[in-house]
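Surface first, then fold, then charged pairs, then a nonpolar patch.

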Amino acid sequence: MTVIRPEKADSTEEDSNLDAVSEVEAGIRDFVRNDVAYLRRPAPGTPSGTETALEPNTEATVNNVNSLIQRVAGTSLTEIENLISELEALRDLLHNEGQRVQREISGYAQLSQAAMKSTRMIADNVSQWKRAADSLRNS
């Protein structure tokens with residue numbers, strides 16, 4: 001099994017966790033191959049198609065394997081759930097920031113339009129004053 005490790009500055013703890021998980025997974029695979037694989041084959045002398053009851057030792061072994069798998073899977077599921085909640089929080093943050101930026105742009109657009117109107121009014125008034133001054137000089 002290949003383990004993909006993210007590159008981070010402080011990844012020693014994650015590396016040790018990943019190594020431990022890899023070791024547990026390898027142990028589970030070996031255990032299942034060696035000790036539990038015979039459960040799928042019919043016992044010698046048993047006609048095929050009939051079920052055999054599990055021995056108490058075998059049943060305890062299967063329960064141990066199941067609990068081990070649940071513990072390993074539980075850690076992974078917890079990590080996945082944490083990642084999902086972090087991604088949802090980031091999505092909400094990005095959505096809220098997008099709305100804020102839209103409001104800011106709208107405010108700047110209104111301010112720009114008001115500045116353009118004011119500039120036109122000032123330019124019109126200056127041109128009127130200039131015509132008035134020119135007509136007074138010419139008179």
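**Surface.** I started with the accessible surface of the chain, which comes to about 12,200 Å². Carbon and sulfur atoms hold 55% of that area. The model is predicted, so I read every value as computed from it. Next I asked what share of the 139 residues counts as buried. The figure is 4%.

**Fold.** I looked up the secondary structure. The chain has two helices and zero strands. Helix α2 covers residues 56-138. I kept that range at hand for the entries below.

**Salt bridges.** How many salt bridges does a search of the whole structure find? I got three. I took them one by one.

*R100 and E97.* I noted 2.9 Å between the closest N and O atoms of this salt bridge. Both residues lie in helix α2. They sit three residues apart, about one turn of the helix. R100 has 36% relative accessibility and counts as partly exposed. E97 is partly exposed too, at 35%.

*R91 and D92.* Here the closest N and O atoms are 3.8 Å apart. The cut-off for a salt bridge is 4 Å, so this pair counts. Is R91 buried or exposed? R91 is exposed, with a relative accessible area of 53%.

*D134 and R137.* I found their side chains meeting in a salt bridge at 4.0 Å, N to O. Both lie in helix α2, three residues apart, about one turn of the helix. D134 is partly exposed, at 33% relative accessibility. R137 is exposed, with a relative accessible area of 68%.

**Nonpolar patch.** I turned to the leucines. Which residues form a nonpolar patch on the surface? I wrote down L83, L87, L90 and L93. Together they have about 390 Å² of accessible area. L93 lies in helix α2. Its relative accessible area is 46%, which makes L93 partly exposed. A patch residue needs over 30% relative accessible area, so L93 passes that cut-off.

Conventions: Residues are numbered from 1 along each chain as its sequence is written. This is a predicted model: local features need pLDDT of at least 70, side-chain atom pairs count only at pLDDT 80 or more; totals for chains, interfaces and linings use all residues. Side-chain values use heavy atoms; hydrogens and water are left out. Patches are made of residues with over 30% relative accessible area and no salt bridge: like charges are joined within 9 Å, nonpolar side chains (Val, Leu, Ile, Met, Phe, Trp, Tyr) within 5 Å. Accessible areas come from the Shrake-Rupley method with a 1.4 Å probe; for residues, only the protein chains shown count as cover. Helices (H or I, at least four residues) and strands (E, at least two) are DSSP runs, numbered from the N terminus. Buried means under 20% relative accessible area, exposed over 50%, partly exposed in between (1.4 Å probe, protein chains only).
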